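Q: I have a structure open and would like to go through it piece by piece. Can you take my questions as they come?

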Amino acid sequence: MAGILIIAEHRQGALRPVTAELVAGAQPLRAALGGRVQLVVVGKGCRALEPGLAIEGVDEIVFIETPEAEFDAETWERAVAAACTQFEPRLVLVSHGIDSMGFAPALALRCGYGFATDVFGLAVADGAVVATRAGYGGKVVVELGFRQGAVLLTLRPGTYKPASAAAAAPAAREFVFAAPASRTRNLRFIEPPASGDIDMTAADFILSVGRGVGEQDHIERFRALTDRIGFALGCSRPVADSGWLPKSRQIGQSGRTASQCKLYIAMGISGAIQHLAGMKHVDTIIAVNTDPNASIFSVARYGVVGDMFEIADELEKQFE
Ligand SMILES: Cc1cc2nc3c(=O)[nH]c(=O)nc-3n(C[C@H](O)[C@H](O)[C@H](O)COP(=O)(O)OP(=O)(O)OC[C@H]3O[C@@H](n4cnc5c(N)ncnc54)[C@H](O)[C@@H]3O)c2cc1C
């Protein structure tokens, strides 16, 4: 038992970007788990997706042809189970979403695998696969160690920056699978209404304000500042809960993950673990806080112990 099997997600003939995130999440574990990183693509005519599957870090693509083009829970469960029996991976990664909710628990049971959902951290420690997820309704962060046997994890979208495109496509093979007659039929897709707000998961530069902003009237000033310096304005949960900024701007465990972010400025944010869950992976974090002991400084590359309003004054002057 070795290696990592990643289940590609696609819909209506298009590969979903989360597939490259799963590949990125697998990379730090591959040396410890040994074996290959295989990308499994299930569906009718799934080979048509091949041009988009040249992703850095994939050793082999496995196509499993099925009668249905679109997702079908039972078919996927059986198809991936067959691939698992054949390849005996140590770890199987699936995107945490509506599809995986339909087939991943049954797949884990069928294969006798360890299982955890909505994982936002992956590691290997002392030979155990360690999955980080929230517990007790999100009140604590839990690390689950799977010491032996294979493990199936559904990974929260937006946790990892997508792996880059590879110069050349990896080797591909077709895996023959006798699909059961499907008991469900895909009738149509209904797009969710657009929120009309910015997608924080796609923002390169984010300046987030926390409770230190004090009152709603101060928000406008930071909105103007972020517009001027080309940042997206994010926030911590108390700011969103107060209705000062829309929920779609909240960064953290119950908000958005700053998955594409290159520079994150946290102003007046204490650094609770639930906030860190959405941004601590960002390469460059600048924290501004009046409290020198604020936890946010533990993840910041640069820290300013000071008043966020004075720093805002200075930025406004610099970017006049
Ligand atoms: C299930 C669950 C899910 C959660 N999900 C999220 C989530 O997704 N995102 C999230 O953010 N939180 C989340 N939380 C809430 C989280 O636990 C914290 O309560 C929250 O992150 C605190 O927000 P804050 O840092 O803005 O406020 P506080 O913790 O009150 O910190 C305010 C900070 O501002 C500083 N400050 C005050 N005035 C100034 C000033 N003038 N200049 C500079 N600094 C100043 C203070 O020193 C302090 O450190 C969740 C909680 C639970 C239970």
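Q: What covers the buried residues of α2?
A: This is a predicted model, to begin with. In it, the cover over the buried residues of α2 includes the strands β1 (4–7), β4 (37–42), β5 (60–64) and β6 (91–95), along with the helix α3 (98–111).

Q: Which residues of α2 are buried?
A: Thr-75, Trp-76, Glu-77, Arg-78, Ala-79, Val-80, Ala-81, Ala-83, Cys-84 and Phe-87.

Q: How far apart are the end C-alpha atoms of α2, and what span should its residues give?
A: The ends are 21 Å apart. Helix α2 covers residues 73–87, which is 15 residues, and at 1.5 Å a residue it should span 21 Å, so the two values agree.

Q: What follows α2?
A: Glu-88, with a positive phi near 50°.

Q: Back to α3. At what angle do α2 and α3 pack?
A: About 40°, and their axes are 9 Å apart. The two helices are therefore oblique to each other. Their crossing is right-handed.

Q: Which residues meet there?
A: From α2, Ala-73, Trp-76, Glu-77, Val-80, Ala-81 and Cys-84. They meet Gly-102, Phe-103, Ala-106, Leu-107, Arg-110 and Cys-111 of α3.

Q: You listed β6 in the cover. How many of its residues are buried?
A: Five of the five, so β6 is largely enclosed by the rest of the structure. Leu-91, Leu-93 and Ser-95 lie on one side and Val-92 and Val-94 on the other, and both faces are covered.

Q: Which strands does β6 pair with, and in what sense?
A: β1 pairs with β6 in the parallel sense, over three bridges. Strand β11 (residues 151–155) also runs parallel to β6, and five bridges join the two. As for individual positions, Ile-4 has Leu-91 as its bridge partner in β6, and Ser-95 stands opposite Leu-155 in β11.

Q: New topic: the sheet with β8 in it. What is the strand order?
A: β8-β9-β10, an open sheet of three strands with antiparallel pairing. β8 and β10 (140–146) are the edge strands, each pairing on one side only. From one strand to the next the twist averages 30°.

Q: How many bridges join β8 to β9, and how many join β9 to β10?
A: Five bridges join β8 (residues 121–125) to β9 (residues 128–135), and seven join β9 to β10. Ala-123 has Val-130 of β9 as its bridge partner. Ala-131 is partnered by Leu-144 in β10.

Q: What about the hairpin of β8 and β9, how many residues sit between the strands?
A: Two, and Asp-126 there takes a positive phi near 50°.

Q: Next, Arg-173. Buried or exposed?
A: Arg-173 counts as exposed, because it has 9 C-beta neighbours inside 10 Å and the cut-off for exposed is 12 or fewer. Arg-173 is found in strand β12 (residues 171–174).

Q: What does Arg-173 touch?
A: Glu-60 and Val-62, leaving out residues up to four places away in sequence. Arg-173 also lies 9.8 Å from Val-40, C-alpha to C-alpha, although the two are 133 residues apart in sequence.

Q: How many bridges join β15 to β16?
A: Five, between β15 (residues 263–267) and β16 (residues 284–289), which run parallel. Ala-266 of that pair stands opposite Ala-287 in β16.

Q: At what angle does α4 pack with α7?
A: About 35°, with the axes 10 Å apart; α4 is residues 219–229 and α7 is residues 308–318. The crossing is left-handed. Arg-221, Phe-222, Leu-225 and Ile-229 of α4 make the contact with Ala-312, Leu-315 and Glu-316 of α7.

Key
Residues numbered from 1 in each chain as written. Predicted model: local features only at pLDDT ≥ 70, side-chain atom pairs only at ≥ 80, totals over all residues. Pairing = 2+ DSSP bridges. Helix = DSSP H or I, 4+ residues; strand = E, 2+ residues; numbered from the N terminus. Expected span 1.5 Å × (residues − 1). Buried ≥ 20, exposed ≤ 12 C-beta atoms within 10 Å, placed from the backbone. Contact = placed C-beta atoms within 7 Å. Axes fitted to C-alpha atoms, helices over the stretch in contact; angles between N-to-C directions. Parallel < 35°, antiparallel > 145°, perpendicular 65-115°, else oblique. Left-handed = near helix turned anticlockwise from the far one by under 90°.
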